[in-house]
Each structure stands twice: as structure tokens, then as C-alpha cells.
Amino acid sequence: MATPLLQPEGHQHSEIDRSGTAATHTPDARPLEAPPVQDLGDKKLSLFRLLLRDKFATLAALVLMFVGLVAVFGPMLVGDLATRQDLLAANKPPFSLDDGWGYVLGSDSLGRSMLGRLVVATRTTISVALPAVGIALVIGSLWGVWAGYHRGLRETISMRIADVIMSFPSLLLAVVVLYVFNPSLGNIVLILAITRIPIYLRTARAESAELQSRTFVDAARTFGSKPTAIIGRHVIPIVLPTLLTLATLEFCYVMLAESSLSFLGIGIQSPDVSWGLMVSQGRQYLQTAWWLSILPGLAIVVTTIAANILAAWLRIATDPAQRWRLSLPRKRGGRRFGTALKGATK
Amino acid sequence: MLVYLRQRIISSLLPLVVVVVGVFALARLTGNPASLYLPLNATEQMRADFMAREGLDQPLLVQMADYFGGVLRLDFGESLRTGEPAAAMALRAFPATLQLAATTMVIAIVAAVLVGCWAALKPNGVADRISSFVSMAAASIPDFWLAIVGIWIFAITLGWLPTSGVSGPEAWILPIATLMLRPFGVLVQIVRGAMVSALSEPYIKLARSKGASDARVVTHHALRNAAAPALTVAGDLAVGLVNGAVVVETIFGWPGIGKLMIDSILQRDFAVLQAAVLITAIAIFILNILIDIGYALLDARVRPTVKA
Amino acid sequence: MIFSTLAVGGTLVLSSCSVANSEQVEGDAGAASDTIRVVLSQEPPTLEACEANLTSTGVVVRSNVTQPLVERNPTTGDIEPLLATEWEATSDTEWTFKLRDDVTFHDGTPFDAEAAAFTIDRAVNSDLGCNVEGYVFGDDDLVVEAVDETTLKVTTASPDPILPLRLSFVEIVPTSTSSEEKVREPIGTGPYAIEQWDAGQRITLAAYEGFWGDAPAYPKAEYQWRSEGTVRAAMITSGEADIAMGIGPDDGIGELGVSYPNNETIALRLTGEIAPLDDARVREAINYAVDKETIVSSLYGGTDKVAAQLIPEGVVGHNPDLEPWPFDLDRAKELVAEAKADGVPVDTKITLVTRSAQFPKVTELSQVLQEQLSQAGLNVELKTVETSQHLQYQLRPFVTNEGPIALLVQHGNQAGDAAFTVEQYMTSTGAQSTFGTPEFDAMIEEAGLTEGEDRQSAYEEVFAYQNENVVQFAMIAHQTGIIGKAAGVDYEPNSSSGDELRLSEMTPAN
């Protein structure tokens with residue numbers, strides 16, 4: 001479920017591009033009014049080419065790819081570097097090769113390699129954030145699209161459930177899960193996923209509610225298509241880019257939320273380590289060993305910015321009405337995102 | 001509008017009840033508060049006395065019936081920790097959070113609109129690049145870390161601001177600055193995006209070609225268009241703040257509802273937790289309704305053709 | 001439901017204009033040297049006198065607002081007169097106290113034997129559920145009688161040689177105090193009276209003019225609270241507070257930090273009835289495997305002391321001749337191997353349970369311990385829990401379904417007598433003890449009945465016996481606390497400062 005985020009050129013987009021071809025040459029047309037038009041052109045490649053045209057977006061994609069690679073292969077490479085303690089070599093400053101490459105980013109308060117810990121933390125962070133975002137995205141979007149398509153009671157009930165989740169203290173949920181179960185990664189993922197479902201639910205519902213009144217949906221309905229088929233074939237492809245953009249932004253939010261939980265003592269617990277936990281535990285050493293909290297903080301910031309840039313690019317690239325901007329030298333915009341979110345609280 | 005409001009309020013009541021019931025049940029899953037409130041060497045007898053005194057020895061449904069019976073009489077129970085009425089504690093803490101959240105949101109929105117517009121005037125210009133980068137960075141820094149760095153720089157090293165507390169206007173600066181960054185960062189991007197696309201609409205080009213100044217174009221035409229998405233996002237962000245700026249309240253010693261909530265969760269102070277959740281839930285429902293109304297007003301002005 | 005919801009909404013609007021902005025003028029004027037400003041780590045839940053044995057309450061109330069009949073000198077451990085001038089055991093179970101006749105409460109009413117009797121009755125015999133009742137008296141009631149205005153007779157159900165020590169926890173309140181419910185702001189006889197409590201923000205005390213002793217140096221005192229150690233430290237360095245409690249070694253207090261032995265001891269408590277911890281060799285191996293010297297010097301800046309027993313020097317019963325277990329990894333491995341050879345399942349996972357934020361650097365310490373025990377050849381998994389969960393491990397009935405557990409405990413003996421430690425932690429039924437032996441139980445019970453020097457040596461033997469024959473604990477260190485102190489204040493913290501911060505001992509520095 002998380003693959004779309006890692007592979008923006010994935011197959012979902014070929015469908016979106018289909019819907020967009022008609023609008024590509026008429027930038028001011030409202031994209032949602034355009035019914036999906038069949039066009040099996042080689043959009044996959046062109047999306048990639050478009051990416052290369054924007055050097056910021058390319059850089060962002062590279063950063064994210066690097067983070068992904070570190071998360072997958074890093075822990076194997078660093079071995080026990082992240083756990084080997086040496087109390088006599090604690091808090092060694094970074095950027096010195098006296099103790100070898102393993103300690104180039106210094107050592108932490110127990111003399112463990114900061115580099116090794118950052119690498120292991122990358123995996124934890126990603127394996128919390130990605131599934132959390134993925135689960136919330138899938139559940140929230142499908143539910144929202146369904147509610148928005150059918151409207152009426154189903155819509156009202158869904159919206160009120162969203163209200164309930166949003167006004168429910170997620171901290172309590174965290175404590176309950178930690179108490180009743182164990183403070184494992186899976187449970188943190190569960191908490192973060194549940195509390196973020198309403199965001200997708202509301203957005204998807206708003207979009208889908210607007211779509212279901214459109215003529216092309218009406219047409220499909222009169223031809224006797226089943227609701228699930230219409231949703232799957234006509235609604236979801238149009239709503240997806242917005243939701244994916246949202247998911248990228250949520251990825252950042254989830255990383256920050258996880259670090260706040262760590263700060264409050266109810267997030268990831270030692271001996272597990274995540275960027276957020278490292279920032280949280282390093283904060284008391286701010287005046288004596290700044291690298292303990294600055295380096296993982298930097299990892300969060302850089303990853304988040306990269307994800308943001310890519311999201312900004314992606315929402316234009318996948319938006320037929322905006323896509324032409326990318327073919328012009330250095331143009332970016334974000335109207336689709338705005339219209340997408342406008343109905344979110346309705 | 002009135003019909004809509006009435007329906008909306010009625011349909012919000014059930015979720016309120018669901019939230020409180022959910023909190024009631026979940027809170028009791030987190031274990032028995034007896035050992036937190038009795039001395040470490042308490043005997044079995046003392047434990048039993050405690051449970052009986054607090055009604056915790058009853059079945060869950062009986063406890064719940066008792067609680068809602070009390071709520072109908074405006075009796076929200078008493079805090080295990082302080083012995084005060086729970087409602088009084090929640091009502092005392094809530095305004096502090098509300099004031100902080102409101103001030104933060106107003107400043108964040110104004111700043112984001114200014115910066116967003118400035119950036120949108122020359123898309124991909126230097127100002128645009130800088131503001132996008134800064135706003136993204138702002139939205140991605142862990143708040144507790146920023147708060148501590150802020151205290152270190154502005155209170156300790158420079159000595160310009162108090163470290164924490166609620167002692168005067170200058171004590172608001174650090175908490176607001178910390179809280180503001182994420183809403184500001186997110187909103188700048190929304191406003192900028194909406195402005196860029198609004199400014200390229202034909203009618204704006206027309207206004208410009210008629211010789212309208214940049215300022216006039218922005219304030220009279222484009223901004224109005226950008227207001228709707230910004231309002232929605234701002235609304236969601238505000239909901240987050242009302243639900244308690246736990247981290248900021250904890251660090252700066254701000255006596256708000258977020259701090260009260262986390263304390264009562266960790267201390268298993270069920271009555272206070274329920275009262276605090278009820279208040280924030282009501283506030284969030286009210287806020288959602290206000291956003292809807294605001295959006296309906298904007299919508300009517302901007303796009304009268306779109307469904308009301 | 002509709003009505004209540006609306007009503008709450010209404011009150012909410014009414015009160016919303018008043019609270020967070022109600023900052024006081026004194027808040028800033030507090031910089032003047034007539035106010036001593038203290039920053040605590042949490043807001044006291046209540047100031048109720050009969051809960052004053054709770055650290056967060058006692059630190060404000062004890063010796064400042066209210067006073068007991070007698071008090072323990074934290075340095076010498078002697079019981080000294082306060083509201084009682086002299087006392088004696090008139091029989092095995094009966095004690096007679098002579099009280100001062102020149103004391104008045106903050107409301108002007110005189111202090112007499114009746115008030116003392118009322119207070120003890122209220123704290124110990126009532127249904128209020130006072131914390132002090134459970135902490136120092138248990139289930140047994142006391143019979144109190146005001147013989148005349150200045151004579152008080154207290155009778156215990158069974159002989160109790162440390163009754164005066166126990167009574168030093170009972171803070172005296174006037175007879176006008178409610179005995180139906182707890183009182184958040186008590187009236188006392190202390191040098192300060194509670195002036196105002198702005199819930200969530202600050203508590204201010206003002207010197208009581210009719211105080212029977214010497215007037216304190218500061219006419220006013222102000223308490224605030226911040227949960228972050230770095231913020232408390234920052235308030236001292238930036239001049240916003242004069243005294244900050246509970247500072248950690250890395251909170252950035254610099255030279256303004258004053259460290260003091262805080263009577264707290266940390267140790268691993270082992271579930272000695274679950275394999276492989278049921279084998280004494282494994283428990284001994286754990287003791288050998290923990291490198292206490294390095295932990296103390298590296299994590300705690302060398303201020304803590306390596307511990308050999310659960311109580312530090314200064315507490316009655318401390319055994320000065322007991323040597324800490326040496327760090328000997330080879331010996332530890334050897335013991336584990338021996339146990340393994342005898343069929344002890346040493347590969348069974350042992351859960352090392354710690355509580356987040358229990359004391360400074362607890363996360364670091366727990367990871368070090370896990371590493372060191374693993375080095376000895378044991379299979380150790382770390383589990384970090386929050387306060388309420390931690391109590392399920394710390395107190396009977398213990399968590400039973402998680403196999404062998406090594407619990408990181410922090411034990412503070414506020415009372416200054418070993419009885420408060422060993423009955424809890426070492427008897428086979430003690431609330432915080434996982435196992436014991438019948439001989440050991442008998443030894444402890446006998447020690448509890450002794451007095452004076454006999455008592456001292458009896459408890460010394462108890463601690464030696466624990467280390468040699470029982471080994472329920474792997475001792476780590478006697479801790480030191482740090483308080484932040486502004487340059488403008490003279491104050492010497494002592495082992496009880498964390499529980500009882502005497503404002504009258506603070507003076508402006510010259």
C-alpha cells in the first residue's frame with residue numbers, strides 16, 4: 001500500500017494521465033469536468049522526463065530514494081555499530097576520523113556511533129511512517145469516496161465518525177495501546193494510522209461528492225454500471241492525485257507526531273530508536289553535545305522538505321489542468337491542491 | 001442557514017456522546033488508578049476501600065450510568081489527583097489554550113497570507129524559492145526541540161524573553177513562535193499555490209491589462225479566490241491546536257487543556273480527562289461549524305454557481 | 001444532555017476572558033529580594049497536610065506552612081523537638097508528649113493538645129484515606145488523648161519504638177479543619193501562610209506574623225512549576241527563579257547547580273522465584289556484571305556513590321562495612337556457565353523493566369545495564385513503561401505472565417530508618433519484595449522491635465545477610481540530586497530537601 005509514495009511513476013498515474021489528455025491543451029478548463037478519455041500513450045516515461053526538467057524535484061526524489069535505500073540496506077551495513085557501547089568514549093564530537101568512519105558523526109551519550117544509530121533509526125522511522133500513512137490513506141480514501149458517492153445518511157454518518165476521531169485525544173489512544181498491548185512499532189503505526197484517517201476521509205468525500213453529480217458519472221450510471229465499478233473506474237482515478245499529494249504531506253506530519261509521542265514518553269521506546277526519539281532524548285544534551293539532537297533533527301527536516309518538494313511537483317504533474325506549467329521552463333503552481341482541500345470540512 | 005445549523009448541531013450531539021463514552025471506556029482499559037494514589041505499602045484493605053470510595057469496584061456499565069447521570073446534573077465528578085471538581089479544572093485550563101491557539105492562528109494566517117502573496121507575485125523568483133524553502137523547513141521541525149532551542153537562544157543567551165510561564169505579554173512570544181511555525185509553513189504553501197493559479201486566471205489578466213496595480217489585483221481579486229482553500233486548511237490546523245498544544249504547554253508551563261489532558265491520562269485521573277475531552281470536543285464541533293459557515297459565505301461570494 | 005452541553009458552553013464563554021491573562025503584578029516584582037522564587041518539577045496536586053508525605057505536596061507544605069510535633073534532623077538522623085518540647089515512652093505502647101504553649105495557627109487560634117489529638121485522629125484513624133496513614137501507620141489505629149492543654153498521650157496497638165519518627169510525618173492542623181473531606185489549602189503553625197494559589201500557574205506564601213519562632217528572611221515565597229529540567233535550569237540562569245528542584249546533570253545549570261545526597265538508591269530487583277533468576281548464581285552473576293564504577297563516573301559525573309545496600313549513610317541501619325559487589329565480568333560469565341551446566345535455563349529471556357523519566361538518564365542507564373548483562377551471557381530484553389504500568393511491576397500483586405523480570409527500582413527512604421525499607425523490600429510478603437526466606441523474615445521482624453544501638457546493629461546484619469544469602473537485589477548507586485540556586489540566595493540543601501524544602505533556611509546572600 002505504500003508503494004505509490006516511493007514510486008510516483010507507478011501505474012496509477014497512467015490512468016490519471018488518460019483522464020487528463022483532453023485538458024492538457026486547455027489549461028483553464030476545470031479538470032474535474034473532463035470525463036476520463038482513453039489514451040494509452042506512454043505517459044510513464046514522460047512523467048519521468050518531466051521530473052528531470054525540474055532540478056529541485058529531481059534532487060528531492062534523489063534524497064528520498066537515498067533515505068529509502070538507507071532504510072532497506074543501511075542496518076545490514078552498519079552491523080552492531082549502532083548498539084556497541086563504550087562509556088569511556090561517550091559524546092565524541094562529529095566530523096573527526098580519529099575513531100574511523102563509523103564515528104564520523106560522533107558518538108552518543110553511551111559511546112555508540114551516531115552514524116550507526118541514525119541509519120538504524122532511518123529504518124524505524126520509515127517503517128513507522130510509511131505503513132501509518134499507507135493504512136490511513138487506503139482506509140480513509142476508500143471510505144471517503146464511498147461516502148461521498150452515495151451521499152445521504154452514509155455520508156453524514158461517516159462525517160460524524162470523522163468528527164469523533166478528530167476530537168478524540170490521540171494521546172489517550174497512545175497510552176491505551178501502550179498499556180494494553182506493548183509499546184511495539186506495530187502499535188505506534190496503528191495509533192498514527194487511526195488518528196489520521198479522517199484527513200483522507202474528508203478530502204476524498206468532498207471530491208467524490210462533487211464528482212458523483214457530474215454528467216459523465218451520470219452517464220455511466222444510466223448505462224447500468226454498478227456503484228463499485230463507477231467508483232473504481234471514474235471516481236478514484238480523478239481523486240487519487242489529490243490524495244497522494246496529501247499523503248506525502250502527511251508523511252511529514254506522521255514523522256513529527258511520532259517524535260512528539262517520544263517527547264511525551266509514550267512513543268517508541270528504547271531499545272528501539274527512531275529519529276524522533278533521538279531528537280527527544282538528545283534534547284537534554286543540547287548545550288553539551290549538540291549533535292545528539294541536531295543530526296536526527298536535520299534528517300527529519302531534510303526528508304520532510306524533499307517530500308514536500310516532490311509533493312508540490314507531483315500535484316502539478318498529475319493534474320491535467322496544471323501539467324502544462326511543467327513543460328514551460330520553471331513554472332509551478334498548486335491550484336488543484338487548494339480546490340481539493342476546500343471541501344474537506346464539509 | 002438556520003435549518004442547516006440546527007441539523008448540524010443535532011447531528012453533532014451523538015458524536016459528542018460517542019467521544020465521551022469512548023474516552024470513558026478506553027481510560028478504564030489503562031489500568032487501575034489505586035496504586036498511583038495509595039502509598040506504595042498500601043494494604044489490600046486500603047486498596048479495596050479506595051476502589052469502593054471511587055466507585056471503581058462497580059461494573060463498567062454501572063459506572064457509566066452513574067457518570068452520565070451526574071453529567072445530566074452538571075456533576076462531572078471530582079479529580080482523583082486534586083480533589084477539585086473536574087469540570088472546574090477543565091474550564092480553568094481551556095481558556096488558556098484557546099487564547100494561545102487563537103493568537104497563534106491569527107498571526108500565522110496573516111503572516112502566511114503576506115508571505116504567500118509576495119511569493120506568488122513572481123513564481124519561481126528568489127522570494128518564492130526562499131519562502132517555499134523556509135516554510136517547508138518551518139513545518140518540519142519537531143516543536144519541542146524548537147522550543148528548547150528558542151529558550152536557549154532568546155532567554156538564556158540573549159536574555160530578551162522569559163523562559164516560560166504566563167507572566168506578561170513577552171512570555172507569549174516563544175510559545176506562539178513555536179506553535180506558529182507549522183500552521184505558517186503549511187499555509188504559506190497553500191496560499192502561494194492558490195494565488196499562483198488565481199493570478200493566471202483570465203479575469204485577473206484582464207484586470208491587470210486594465211491597469212490595476214499589483215496590490216489591487218492581489219487584494220481584490222486573487223486573494224478572495226485563495227481564501228477558500230486557506231480557510232479549510234487553517235481550520236484543520238486550528239482543530240489540532242485546540243485539541244491541546246500538549247508539547248508547547250508542557251515545556252513552557254502553560255496551564256492549558258493539553259497539559260491537563262496528558263497529566264490526567266498519565267495519572268489515570270478519569271473524571272478530569274472526561275471533562276477535558278468533552279470541552280475540547282465541543283469546541284472542535286463549534287469550530288467545524290464556524291468553518292462551514294465561513295466557507296459557505298466565501299463560496300457564495302466567489303462561486304455562486306457551485307452547490308450551496 | 002442538550003441542556004448540560006449548552007450550559008458547559010455558556011460557562012466556557014463566560015470564563016474564557018478571565019484566566020490566562022490574570023497575570024499578577026507580583027509576578028515580575030518577584031525579582032525583588034523580598035520574595036524567594038522556587039520552581040518545582042510539577043504542580044502540587046493538593047496542599048492537604050495529611051498528604052504531606054507525597055513529595056510534590058510535602059516540598060511546599062512541610063515545615064513551611066504546617067509543622068509536626070517532632071522533626072527528624074536530616075543530617076544527624078536525631079528526632080528533635082518542634083511543636084512538642086519533650087516526650088517519653090510511658091509504657092511499651094504508650095507515649096506522652098509535652099507541647100509548646102506559645103504557638104498559634106495562621107487563623108489566630110491557639111495550638112494545644114486538642115488540635116494535636118484532632119490532627120492525628122484525622123490523619124490516621126479517619127476514613128479520609130490520607131496518604132500518610134498508609135505510608136507510616138498501616139492499618140493499625142492510634143488512641144490519642146489530650147490530657148490537658150499541653151499534654152498529649154498516644155497509645156499504639158502493639159509496641160512501636162519509632163512512634164515519634166512516625167509522628168514526624170503528621171503535620172498539625174487546627175480543629176476547624178474539615179474531617180469530612182480533604183482540604184486543599186491547609187492552615188498550619190509554620191512560618192508561612194498560604195496567600196494565593198493560582199491553579200496551573202503559581203502558589204504564593206506570605207510570612208505569618210504571629211509565627212512562634214524566628215521570622216524567615218524572605219517575607220514572601222512564590223512557587224512555580226515546569227516539567228522540563230532544562231527549562232527549570234534556564235529559569236535559574238536567566239534570573240527568573242532562585243531555587244530550582246530536580247535538575248539533571250546535563251540540564252545546563254552550570255555552576256549554579258548544587259548537588260546533595262538525596263537519599264535515593266537505585267538497584268535491580270530480581271524475581272528470585274522464576275528461572276533462571278531462581279538460581280542464586282545467576283543473581284550473583286548479575287551483581288558481578290554491572291560495572292557500577294563506570295556507570296557512576298560516566299553517566300552521573302562521579303557524584304553518585306556506588307551502592308552496597310538499599311539505604312545510604314545517614315539512615316539508621318546503614319551498614320558501613322558492607323562492600324559493593326566488584327565488577328568482574330569473567331566471574332559473572334563463570335557463574336552463568338556453572339548454572340547452565342547444572343541445567344538452569346540461562347537462555348530464558350529476562351525482561352529488564354524501567355520507567356521512562358523516573359530519574360535523570362534512566363534511559364541511558366537501562367541500555368547500559370542491558371548491554372552489561374548480555375555480556376555476562378544472559379538474554380536480556382529492555383522494556384520501558386510509564387508510571388502507572390511500572391507500579392504493576394513494583395507492587396504486589398506482581399505481573400506474573402512475563403517470565404523473569406529485573407526491575408530497575410529507585411528507593412528513597414525519607415523516614416531515615418531501615419524499617420521503612422526492609423519491611424517493604426525484603427520480607428517474603430513485602431509489598432515490593434519478590435521473595436524472601438523464613439529465616440530472613442524472622443531476622444527482620446526481630447530487628448523491628450529493637451531500639452537504639454541494638455537497632456542499628458540488627459539492621460546492619462539484615463543488609464549483610466541480604467547480600468550474602470538472599471541476593472534479591474543488584475545494587476547500583478546512591479544517587480545525588482541537584483538543585484539550581486541563584487547566586488543571590490544562601491541555602492545548603494540536605495538529604496531531605498527534595499521532600500521538605502525549608503524556606504526558613506534560605507537567606508539572601510551578601
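Start by selecting A:Arg196 and A:Tyr253: the arginine lies over the face of the tyrosine ring, 3.7 Å from the ring centre. Keep in mind as you go that this is a predicted model.

Now widen the selection to chain A. Colour by secondary structure and you will find 14 helices and zero strands, so defined by DSSP runs. Following the chain along its sequence, the pattern reads α-α-α-α-α-α-α-α-α-α-α-α-α-α. Of the 346 residues in chain A, 63% are buried. If you display contacts, take those with a sequence separation of 6 or more: in chain A, 70% of them join residues 24 or more positions apart.

Move over to chain B and select B:Arg28 with B:Phe24. Here B:Arg28 lies over the ring face of B:Phe24, at 3.6 Å from the ring centre.

For the last stop, pick B:Phe154 and B:Trp160. Over all chains there are 13 aromatic pairs. One of them is formed by B:Phe154 and B:Trp160, a tilted pair with 6.2 Å from centre to centre and 40 degrees between the planes.

Notes
Residues numbered from 1 in each chain as written. Chains lettered and ligands numbered in written order. Predicted model: local features only at pLDDT ≥ 70, side-chain atom pairs only at ≥ 80, totals over all residues. Heavy atoms only, no water. Phe/Tyr/Trp six-rings, centres within 6.5 Å; stacked < 30°, edge-to-face > 60°. Lys NZ or Arg CZ within 6 Å of the ring centre and 35° of its normal. Helix = DSSP H or I, 4+ residues; strand = E, 2+ residues; numbered from the N terminus. Buried < 20%, exposed > 50% of the residue type's maximum accessible area, 1.4 Å probe, protein only. Contact = heavy atoms within 4.5 Å.
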